[in-house]
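Here is a short report on one model.

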Amino acid sequence: MANVTKNRPLSPHLQIYKPIPTMVMSILHRITGGALYFGTILVAWWLVAASTGAEYFEWVNWFMGTFIGRLILFGYTWALIHHMLGGLRHLMWDVGYGFEKHFSTKLAKANIIASVVLTILVWVVAYIIRT
């Protein structure tokens, strides 16, 4: 019996395709969607702490104010903004615009740049308001 698997084409996967901006943004959109699930658990934790009592609420606020807590919150903010911008890009595609290769590539690059810039802007404004 001949070995027929040697002549079969290789199934496409991430090691075969060269990463392009639209592909990377699609993967990041899925990852940020998952991250938002866990980040929302943090928001629920904060609300539960607020309803539980002042001592527990102060402890949660202390944790969120530590370097690790702020790093998590910064990542959650970026994931929220990045996923929102990706969703707007998908909405644009749903109505039939932006399918041209050069435009969708520019839009993917703009998505990552805008999400980083807007995240930093949100945090700068928050620190200005806080002080």
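This is a predicted model: local features need pLDDT of at least 70, side-chain atom pairs count only at pLDDT 80 or more; totals for chains, interfaces and linings use all residues.

Is H29 buried or exposed? Its relative accessibility is 15%. The cut-off for buried is under 20%, so H29 counts as buried.

Leaving aside residues up to four places away in sequence, H29 touches H82, H83, G86, G87 and H90. Two of these contacts, H82 and G86, are also listed among the buried residues of α3.

## Helix α3

Helix α3 covers residues 67-94. It has 28 residues. From first C-alpha to last, α3 reaches 40 Å, close to the 40 Å expected at 1.5 Å a residue.

Which residues of α3 are buried? They are G69, Y76, T77, A79, I81, H82, L85, G86, R89 and W93. Their cover includes α1, α2 and α4. After α3 comes G96, with a positive phi near 95°.

## The largest pocket

The largest pocket holds about 440 Å³ of space. Its lining consists of 13 residues. Nearest the pocket centre lie W46, N61, M64, L73 and W123.

Four helices each supply at least two lining residues: α1 (21-52), α2 (54-65), α3 (67-94) and α4 (101-130). Which helix gives the most to this lining? That is α4, with 4 residues. By class, the lining has 9 nonpolar residues, 2 polar and 2 charged.

## The whole chain

How many helices and strands does the protein chain have? There are 4 helices and 0 strands. From the N terminus on, the order is α-α-α-α. The radius of gyration is 21 Å, while the globule rule gives 14 Å for 131 residues. The value is well over the rule, so the chain is more spread out than a compact globule.

Along the principal axes, the C-alpha atoms fill a box of roughly 75 × 45 × 25 Å. Of the 131 residues, 21% count as buried. Now take contacts between residues at least 6 apart in sequence. Of these, 67% join residues at least 24 apart.

Methods:
Residues are numbered from 1 along each chain as its sequence is written. Side-chain values use heavy atoms; hydrogens and water are left out. On a 1 Å grid over the protein atoms alone, a cavity is a set of points where a 1.4 Å probe fits but cannot get out, and a pocket is an open set with protein on both sides within 12 Å along at least five of seven lines; lining residues have an atom within 4 Å of a point. Grid points are joined across faces, edges and corners, and a volume is the space filled by probe spheres set on the points. Ala, Val, Leu, Ile, Met, Phe, Trp, Tyr, Cys and Pro count as nonpolar, Asp, Glu, Lys and Arg as charged, and the others, Gly among them, as polar. The expected span of a helix is 1.5 Å times one less than its number of residues. Buried means under 20% relative accessible area, exposed over 50%, partly exposed in between (1.4 Å probe, protein chains only). Contact means heavy atoms within 4.5 Å. The radius of gyration is taken over C-alpha atoms; the globule rule is 2.2 Å times the number of residues to the power 0.38.
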